[in-house]
Amino acid sequence: MERIYLDHAATSPVHPKVVDKMVSILNQDFGNPSSIHSFGREARSILDEARSIIASSIGAHFNEIVFTSGGTEADNFAILGIAEAMSEKGKHIITSKIEHHAVLHTCEYLEKNGYEITYLDVNENGQISIDDLKAALSENTILVTIMFGNNEVGTIQPIKEIGQLLKNHQAYFHTDAVQAYGVMKMNVNELNLDLLSVSAHKINGPKGIGFVYIRTGTKLMSRIHGGEQELKRRAGTENISSIAGFAEAVKIAQYSVEQKQEQYQQFKKIFLEELKNQNVDFQLNGLLEKGSLPHVLNISFPGTDVEAMLVNLDLAGIAASSGSACTAGSIEPSHVLVAMFGKDSERLRNSIRFSFGLNNTIEEIEKAANKVAEIVKRLTMSNRNRR
Ligand SMILES: Cc1ncc(COP(=O)(O)O)c(C=O)c1O
């Protein structure tokens, strides 16, 4: 059976050029970048080149990039690192109700340890309000952490406006850009960002590697202690092959941003058009074009049930998701949809996320939408008959 992968927001296939790069390094360049002999120097130059490529992709300096084990560690590092370093200036942090658990659970941990956290509400499109943020800011606020684009519904936050607002405030500004990086262009100086998290496996790189951008001068405590790697900010021998693979994925992502934006927007249109042509009842969760990540399409299908939908989609060879990959196993109601529509909304039980990426074709999207329409009709019919 032909399988169609529409779950790129959960993780993405590794690009063949990334595989080639990693295999060649695993085969040849096993040196430790901290060693002074030629083996070490070779590994060091691979590491330096990767760091330069990644830094320039967001307008950062070489020494403002710290490699981590992925997006989760990058978020933890930024939030816990600022909380600890800035505790004498205040213990108030502002975030939103729709962050990834890597941010939310880290904030909840700090809350249990004496910090005050404001979780900003979002509107029905999933956007925070700048006025709410202004009202929440106080002289004790040390960090504002608001995600760039949401992993479940795709909504993009007003990052530039937040950066402007915080220009003359002591609070540092962190964004979790794990879903947005690679499909959106971003420059940390134009956006006035102090910290930014990225993960390689969302952009056709390997799993278990990411980075956190830390603006020069930012007060931040290390989380992992040991050797002097990563400019003394994160100890441990560097994962050279994954870092080089990550940089290769970044290079590819960089030159194809506009093309991807156009292609994925077209996929969205084709998908929704097919549902309309088939008279499927559906509602979009989040925004369609401006204000939404191009690769994420979250749809509510009234009269269906998310578990039955996912099982039937899987049987039809279509890989989609109920939202965050981390909660997919248990299919708990999505905290993002709760924040957007309230805890009693039907959408909590009938929404599916489709996310596009490498190798998807128009034919696949048409086929998938067709199958989705068939399944929705079957499920709504049998649910109606049961009532
Ligand atoms: C918005 C967002 N932040 C953080 C993460 C965690 O990244 P990683 O899987 O690299 O730990 C994810 C992964 O789903 C994500 O979508």
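Which residues have the most contacts inside the largest nonpolar core? They are F211, F271 and F301, in a core of 95 residues. The structure is a predicted model, in which local features need pLDDT of at least 70, side-chain atom pairs count only at pLDDT 80 or more, and totals for chains, interfaces and linings use all residues. Residues are numbered from 1 along each chain as its sequence is written, and side-chain values use heavy atoms, with hydrogens and water left out.

**Domains**
- The protein chain is divided into domain 1 (4–11 + 257–386) and domain 2 (16–252), with bounds taken from an automatic or database domain assignment.
- Between the C-alpha centres of domain 1 and domain 2 the distance is 28 Å.
- Domain 1 gives 31 residues to the contact and domain 2 gives 30 residues; contact means heavy atoms within 4.5 Å.

**Nonpolar cores**
- A nonpolar core is a set of buried Ala, Val, Leu, Ile, Met, Phe, Trp, Tyr and Cys residues joined through side-chain atoms within 4.5 Å.
- Buried means under 20% relative accessible area, exposed over 50%, and partly exposed in between (1.4 Å probe, protein chains only).
- The largest core, with 95 residues, takes at least three residues from each of domain 1 and domain 2.
- A second, separate core has 22 residues, among them A74, I82, V103 and Y172.
- Leaving aside neighbours within four places in sequence, F301 is in contact with residues including L275, F282, M309, I352 and F354.

**Ligand site**
- There are 13 residues around the ligand, and G71, T72, D176, S199 and K202 come nearest; a residue counts as near if one of its heavy atoms lies within 4 Å.
- Helix α3 (residues 71–85) supplies the largest share of this shell, three residues; helices are DSSP runs (H or I, at least four residues), numbered from the N terminus.
- A polar side-chain atom of T72 lies 2.6 Å from a ligand oxygen atom, and a polar side-chain atom of S199 also lies 2.6 Å from an oxygen atom of the ligand.
- For K202, an N or O atom in the side chain is 2.6 Å from an oxygen atom of the ligand.
- Taken alone the ligand exposes 390 Å², of which the protein buries 88%; areas come from the Shrake-Rupley method with a 1.4 Å probe.

**T380**
- T380 sits in helix α14 (residues 362–386) and counts as buried because its relative accessibility is 14%.
- A polar atom of the T380 side chain lies 2.7 Å from the backbone oxygen of V376, and the backbone oxygen of K377 lies 3.1 Å from a polar atom of that side chain.
- Not counting residues up to four places away in sequence, T380 touches P302, G303 and T304.

Technical notes:
Polar contact = N/O pair within 3.5 Å; in protein donor to acceptor, adjacent residues only side chain to side chain. Helix = DSSP H or I, 4+ residues; strand = E, 2+ residues; numbered from the N terminus.
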